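This report looks at aromatic pairs and surface patches. The sequence and structure come first.

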Amino acid sequence: MMLRLLRLSVLAVAACAASVTLRAQETLFPRSNQSVDVGIVYDREVTGTLGIHTNGLYAGFTSGKLKTYYKTSYWGANIGILKSPRETRSDRAVQFGQNSGSYVYGKRSTLIPVRAVKGWKRYYSGKDRRRGVAVGTSFELGLTAGVVKPYVLEISGGAEPGPNAQFFTYAQNPDGFTSGNINGTGGLKRGWSEASIIPGVNAKAAIHLDWGAFDEFVKAMEVGIMVDAFPRAVPLLIEPASNSPLFVNFFINVHLGKRR
């Protein structure tokens, strides 16, 4: 009887050990029909953005919700400078005054776009946990408040640049903007009292490269094309025929931020 009980006890222990082993194998090596997430999927991400494009630059931020590792929707805002592709810079040396002698000949206004955007990002490839780049695409649509600030020049009253100069916008002194007695610009701080706003829309499409797709910290770069459109030509230059309501630029930007 004792021998029989001993054999039954050994069989029971072996059965329990086998059961635990099988469960451990199922945990470590999931079946092929079970869903397996790629990396750690965070809930949200916030990034700061800095970009340059064909005719200017911008800076801003984005706040996104990660639906899955592969899909993210986000919103954001940015502000920058948008130049006319026909601008021609003059590097006249300054002999008088306190301002830079570098100015844009024939420029009438400066355009400062303030953009609010809604975007979508999708990855098409995974990334090794320790190295590699996750490749995807991003697309944005949004509204733009185009702040049009008059360009200000320091213009002397004589035939040549001199110390007795004053600051003028194009509306105040149209002849002076094409004369030879320009000392330089009045800088970005002047002209705000005469600024106006032109509403518009914007769109952007890009290739998205992410070096931190599995990480807590975002390290990404985008390369693509961006479009700003307004209902009428923006008066950036003195010559009306040189102005356009549409701005198309190639861009590159970097995103740095954090997921949680």
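## Aromatic pairs

Tyr170 and Phe177 are both buried. The model is predicted. The two rings, Tyr170 and Phe177, form an edge-to-face aromatic pair.

Phe230 and Phe247 form another edge-to-face pair. Here the values are 6.1 Å centre to centre and 85 degrees between the planes. This pair links distant parts of the chain, 17 residues apart. Phe230 sits in the loop between β12 (217-229) and β13 (246-259). Phe247 belongs to strand β13. Both Phe230 and Phe247 are buried. The count of aromatic pairs comes to four.

## Nonpolar surface patch

Which residues make the nonpolar surface patch? They are Ile52, Leu57, Val223 and Ile252, and the patch covers about 340 Å².

Ile252 lies in strand β13. Its relative accessibility is 36%, so Ile252 counts as partly exposed. Patch residues need over 30% relative accessible area, and Ile252 has 36%.

## Positive surface patch

Lys67, Lys71, Lys118 and Arg122 form a positive surface patch. Arg122 is part of strand β6, which spans residues 109-123.

Is Arg122 buried or partly exposed? Arg122 is partly exposed, because its relative accessible area is 34%. The buried class is kept for values under 20%.

Key: Residues are numbered from 1 along each chain as its sequence is written. This is a predicted model: local features need pLDDT of at least 70, side-chain atom pairs count only at pLDDT 80 or more; totals for chains, interfaces and linings use all residues. Side-chain values use heavy atoms; hydrogens and water are left out. Patches are made of residues with over 30% relative accessible area and no salt bridge: like charges are joined within 9 Å, nonpolar side chains (Val, Leu, Ile, Met, Phe, Trp, Tyr) within 5 Å. Accessible areas come from the Shrake-Rupley method with a 1.4 Å probe; for residues, only the protein chains shown count as cover. A salt bridge is a side-chain nitrogen of Lys or Arg within 4 Å of a carboxyl oxygen of Asp or Glu. Lys and Arg count as positive and Asp and Glu as negative; His and the chain ends are not counted. The place of a charge is taken as NZ of Lys, CZ of Arg, CG of Asp or CD of Glu. Helices (H or I, at least four residues) and strands (E, at least two) are DSSP runs, numbered from the N terminus. Buried means under 20% relative accessible area, exposed over 50%, partly exposed in between (1.4 Å probe, protein chains only). Rings of Phe, Tyr and Trp (its six-membered ring) pair if their centres lie within 6.5 Å; planes under 30 degrees apart count as stacked, over 60 as edge-to-face and the rest as tilted.
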